[in-house]
Amino acid sequence: MGPPFPPHRGNGAGERSHHPGGRKEREINLSTRSRIRLGVLGVLIVGLLLAPSAAQAIQAKRVVAWGCGGNANWGQCDVPPGLSGAVSAVAAGRLQSLALKADGTVVAWGCRSNDSGQCNVPEGLANVTAIAAGDYESMALKSDGTVVMWGCGNSHDFGECDVPNGLSHVTAIAAGVYHSVAVKDDGTVVTWGCGTGSDNRGQCDVPNGLSDVVAVAAGEWHTLALKRDGTVVAWGCLGADLGQCTTGSLSGVTAIAAGSAHNLALKDDGTVVASGCGLGSGGYGMCDVPDGLAGVTAVAARDYDSLALKNDGSVAAWGCGSLADRGQCVVPAALAGVTSIAAGWFHSLALADLLDQTIDFAPLPNRTWGYPGFFTLSVTASSGLPVSFSTSGNCVLFAGTSVFISSAGSCTVTASQSGDQNYNPAPDVSRTFTIARAPQTIAFAPLPDKTYGDPDFTVYGSASSGSDVRFAALGNCTISGATVHIAGAGSCTITASEAGNVDYNPAPNVSQSFSIAPKATLTPPKCTVPKAVGKRLAAAKLTIARRHCRTGKLGYAYSRKHKKGIVISQSRRPGRVLPNGSKINLTVSRGGRR
């Protein structure tokens, strides 16, 4: 659980006690001439932080938790996801952490395996202006001046959760181990809790006549009150005085914090004074204010550690000695721009600036349109958070991280990271690349030679782009579409072309030439001489023509043997083969003489 210090804390349910007065005050000797800087008054009391005015704009901050090492992890360092910019205050208890959001609601976490209800924020709790966290209780001040408390379960009820009936007009609160404290708008102080027996060391016995109080702090067995004149009043410590109720002479105090056995006082010159830590408790180092510490604007204290917030937004921590080191004094290196701090038992909290982040997005190479028409992006943010993308131009984003190239031209990819509860949005990074038109080729096979007079024929060609190929003719030919007509003997050249489009460059032309032979010359058939003798002249002429011969000269003669008009002789012997069109002279009978 922790170091043997402080002395044993009671764990029995105690009798409720309300002590608005009845004990003579013990006043720390402070200068009454010191004036509190009300405009910048910051009092942190066992994890209490007041919310800013509703009129103030709340800068986006992140809740940072550290410590919780070893056997001291109850989840109080596990800041809930999504607890982002709208947090105005934090508070740290023994096992729990609280965050006050700008909308007046409260978020609690921790309490793992040791839950007394202090993480169970009441349903409907709203309009909260301040929070405080004790050992086993949590506390909220509402805008109407009333107080709400929860926790105190599992034998940890010392009456500190029993808000006095009718308590109102409260302006400040503090939560201790066994008791709770409230400041009213008339400057008086109300306490409750303190149980019975060893739990009650007088910390609930508000000194008679105490007034003009502006802030309070609650330790384990003592209570502190900061007055408007800059003086501090302490009470309690009965049988447990380790010096925390006797701090010596101080002046100009503007803020106070109470640990279990020590106090911190912030002076108006920005320095810090620690008191208490007696009887060996100082071995933890929480009273050993670092040399040269200055420019402090707020303080926080717990059992074994002390925190100081500086005006440059940095945090100083000390203490955590001996067996009390759970990492709560090791301030994270990246912590900056802190506006609030809180000290828990073994953990610390801060409201800090969101971290900056950048996107590592290398330039994209230029590309050529075509298959494969997509690629996957690999981009990282320095935060480790996922990067999102958008595209413009001749490209489309799909599956979140892949870019599909829709056509030639250009494409711009923009990488974004919107930030989260710890990181500011990263500056967008855009990368533009060109998309060149793709090359293409034409497939056009050679053409066979032709002969003049051959019928028209069709040529075929294709482009690798899938676009239509156009043809042109040169020489003794013409072309219509893809149909070639041979106009004469000689040669013909057909050229295939594709002019390209938005995605493809023009294809290199492909030409195919072929020769055109003249028409073939027909060899006329030979004249085979027929037998014309004995035939009438008309029949003889027809027979001669059919044998590819011609009828030559006709002669006439009288003949006793042949009738008139009958061929009686021919000049060529039948069966003889002569050149085509050779003439055959005929002699025709005139009949007999009379």
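Are Phe-375 and Phe-433 buried or exposed? Phe-375 is buried, as is Phe-433, where buried stands for under 20% relative accessible area, exposed for over 50% and partly exposed for what falls in between (1.4 Å probe, protein chains only).

1. On the basis of the note. The model is predicted, so that local features need pLDDT of at least 70 and side-chain atom pairs count only at pLDDT 80 or more, while totals for chains, interfaces and linings use all residues. Residues are numbered from 1 along each chain as its sequence is written, and side-chain values use heavy atoms, with hydrogens and water left out.

2. On the aromatic pairs. There are 12 aromatic pairs in the structure; rings of Phe, Tyr and Trp (its six-membered ring) pair if their centres lie within 6.5 Å, and planes under 30 degrees apart count as stacked, over 60 as edge-to-face and the rest as tilted. One of them is formed by Phe-361 and Phe-389, an edge-to-face pair at 6.3 Å centre to centre with 70° between the planes. Because Phe-361 lies in the loop between β24 (359–360) and β25 (367–368) while Phe-389 belongs to strand β28 (residues 388–393), this pair ties together parts that are 28 residues apart in sequence. Strands here are DSSP runs (E, at least two residues), as helices are (H or I, at least four), numbered from the N terminus. Phe-361 counts as buried at 4% relative accessibility, and Phe-389 is buried as well, with a relative accessible area of 12%.

3. On the pair from the opening question. Phe-375 and Phe-433 also form an edge-to-face aromatic pair, at 5.7 Å centre to centre and with 70° between the planes. The pair links distant parts of the chain, with Phe-375 in strand β26 (residues 374–376) and Phe-433 in strand β32 (residues 426–436), 58 residues apart.

4. On other ring contacts. Trp-74, Tyr-284, Tyr-304, Trp-345 and Phe-346 are linked into a cluster by ring pairs. Two rings carry a charge over the face, which requires NZ of Lys or CZ of Arg within 6 Å of the ring centre and within 35 degrees of the ring normal: Arg-201 lies over the face of Trp-221 at 4.6 Å from the ring centre, and the charged end of Lys-450 sits over the ring of Phe-457, 4.3 Å from its centre.

5. On a buried lysine. Lys-61 lies in strand β3 (residues 61–67) and is buried, with a relative accessible area of 5%.

6. On the three-stranded sheet. The order β35-β39-β38 describes an open sheet of 3 strands with antiparallel pairing, two strands being paired if DSSP finds at least two bridges between them. Since β35 (457–458) and β38 (477–480) stand at the edges, each with a single partner strand, one side of each is left without a neighbour in the sheet. β35 is joined to strand β39 (residues 483–486) by 2 bridges, and Phe-457 has Val-484 in β39 as its bridge partner.

7. On the four-stranded sheet. Another open sheet has 4 strands in the order β25-β32-β31-β28, with mixed pairing. β25 and β32 pair in the parallel sense over 2 bridges, and the bridge partner of Thr-368 in β32 is Ala-436.

8. On the disulfides. The structure holds 10 disulfides, each a pair of cysteine sulfur atoms within 2.5 Å. Among them, Cys-68 is joined to Cys-77 with an S to S distance of 2.0 Å, and the torsion about this S-S bond is about 85°, so the disulfide is right-handed. Cys-194 and Cys-204 form another, their sulfur atoms 1.7 Å apart, and their link is right-handed, with 90° about the S-S bond. Both Cys-194 and Cys-204 are buried.
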